[in-house]
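Hi,

Here is the model I promised to pass on.

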Amino acid sequence: MHSLLSRLRYASVGVAVLLSGCNMEVLTPKGDIGAHEKSLILIALGLMAIVAIPVIAMTLWFPWRYRSGNKKATYTPNWSHSTKIELVVWTIPAIIIVILATITWTSSHALDPYKPLDSEATPVTVQVVSMDWKWLFVYPEYGVASVNELAFPVDRPVNFQITSDSVMNAFFIPQLGSQIYAMAGMETKLHLIAREPGSYEGLSTNFSGEGFSDMHFKAIATSEDGFKDWIAKAKAAQVTLDGESYNTLAQPSQKVPVSYYGQVAPGLFTSVVNKHMDDMAHGEMPKDSHHDMSQADMPMDMHHHEDGDAVSSNTTPTQAEK
C-alpha cells in the first residue's frame, strides 16, 4: 500500500510539472471570435460532464457496493434487463447529441472564417504567406510588410488572406480564435478582431519540418495611434520586398528575427499564389526547391468565385496596372 501511494505521489508531481508548461490562451480570449469559441468549449465540456461524471462515479461505486464482502447487496446473477436503465442510458445521450448537433450547425455558420465581421470600423487587410519557417505579413493598403510580427488596431476587423509558399501550415492566434490552414496555390481567408490591446502569441499548428517548433510570431493589438506608429516604423525600413529580396527571404531558415520592408512590389501575394497553380492543377505537391520569382512575374490578376475559391490568371504588367 505504501509503495502504491508513493508511486501515485510521484505521478502527481510529474503531471504537475508537465502541466506547468501549458497555458490557457484559448480560455482567455481577447476578441469576439475567441470568446465565442471559449463559450462553445465550455458548453461542450458541460454536456459531456453530464455523462462522464455519473459514469466515473458509478465505476467507483459499483465495485464497492457489490463487492463479495458486502452482505447487504442483492445478489442477482440471472439479471439481464431493466427498462428504466435502458431509458436513462439511451435517452440522455440522445438528447445531448441533438443539442450538440444544433449548436454545431448554428455556430459553424456563425463563426465561418470566410464570413466578414459585422463592424462599423474599416477593416485592415493583411496578406499572410507561410514559409520555411517564418511568417510574412503584407499590408497592401499601406505598401509595407513584416516578418514574424503582425500589428493591427483594437476594435477594427482584420481581414486575413492566407497562402503558403511551401508545404501546408496552419495559422493560429489562440487568444483571437479560429485556426485556418495555409496551402500553396490556394488562398484561405480569416476574419478576426481584438477587443483588448496587448501582444498575443501566434504560431503554426501544423508540423512542417525541421524549423516548425520556432515558427512563431507576435500579434500586436494596439490603439489607432499605435498602429500608425507601427506602420511608420515599417515604412522607415530602407528595404524593398521585390522579386529578388523575396526569393532570398523564401529560402528555408530558422529562428528568423522580426524584420520590416518599407516598400512592397505590387501583386506580390497574388504572384505567390499563382506560382504554385501549375503544381496544383496536376495534383502535385509544392516542390521542395523554391521557384525563382522575378520582378516581371509579380503583377498578376486574381478573380474569386462566389463561393470564395481563388482562381488566378497571369497578366502582363501593363494589364495589371489597368
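Some ground rules first. This is a predicted model, so to speak of the source: local features need pLDDT of at least 70, side-chain atom pairs count only at pLDDT 80 or more, and totals for chains, interfaces and linings use all residues. Residues are numbered from 1 along each chain as its sequence is written, and side-chain values use heavy atoms, with hydrogens and water left out.

**Confidence**

pLDDT is the predictor's confidence in each residue, from 0 to 100. The protein has a mean of 84, with 79% of its residues at 70 or more. Over residues 10-21 the pLDDT is below 50, and beyond near neighbours in sequence that stretch has zero contacts in the model (a contact means heavy atoms within 4.5 Å). Residues 299-322 also stay under 50, but for them the model has 40 contacts beyond four places in sequence.

**The six-stranded sheet**

Helices (H or I, at least four residues) and strands (E, at least two) are DSSP runs, numbered from the N terminus. Two strands pair if DSSP finds at least two bridges between them. On that basis there is an open sheet of six strands, in the order β8-β5-β1-β2-β3-β12 and with mixed pairing. β8 and β12 (259-261) are at the edges with a single partner strand each, so one side of each has no neighbour in the sheet. Direction ignored, neighbouring strands here are turned by 20 degrees against each other on average. (Axes are lines fitted to C-alpha atoms, for helices over the stretch in contact, and angles run from 0 to 180 degrees between N-to-C directions.)

I'd start with β2 (residues 134-139), which pairs with β1 (residues 124-131) in the antiparallel sense over five bridges. Valine 128 has phenylalanine 137 as its bridge partner, and methionine 131 has lysine 134. β1 and β2 form a hairpin with two residues between them. To β3, β2 is joined by four bridges, again antiparallel, with valine 138 opposite alanine 145.

How many of the residues of β2 are buried? Six of its six are, where buried means under 20% relative accessible area, exposed over 50% and partly exposed in between (1.4 Å probe, protein chains only). Both faces are covered: Lys134, Leu136 and Val138 lie on one side, with Trp135, Phe137 and Tyr139 on the other.

Most residues other than glycine have a negative phi, and most peptide bonds are trans. Here are the spots to check against that.

- Aspartate 132 and tryptophan 133 are joined by a cis peptide bond, with omega about -10 degrees. Tryptophan 133 is in the loop between β1 and β2.
- Asparagine 148, not a glycine, has a positive phi of about 60 degrees. It is in the loop between β3 (144-147) and β4 (149-153), and is buried at a relative accessible area of 5%.
- Aspartate 155 also has a positive phi, near 70 degrees. Its place is the loop between β4 and β5 (158-164), where it is partly exposed at 38% relative accessible area.

**The five-stranded sheet**

Another open sheet has five strands in the order β4-β10-β9-β6-β7, with mixed pairing. Its edge strands are β4 and β7 (180-182), each pairing on one side only. The twist averages 25 degrees from one strand to the next. β6 (residues 169-172) runs antiparallel to β7 and is joined to it by three bridges; phenylalanine 171 stands opposite isoleucine 180. Helix α4 (residues 224-235) lies across β4 and β10 (216-222), at about 140 degrees to β4.

**Helix α2**

α2 (residues 32-65) has 34 residues and reaches 49 Å from its first C-alpha to its last, close to the 50 Å expected at 1.5 Å a residue; the expected span is 1.5 Å times one less than the number of residues. There is still a kink of about 40 degrees, centred on alanine 49 (the bend is the angle between axes fitted to the seven residues ending at a residue and the seven starting there). The buried residues of α2 are Ile33, Gly34 and Leu47, and they pack against α3 (83-110) and β8 (188-192).

Cheers
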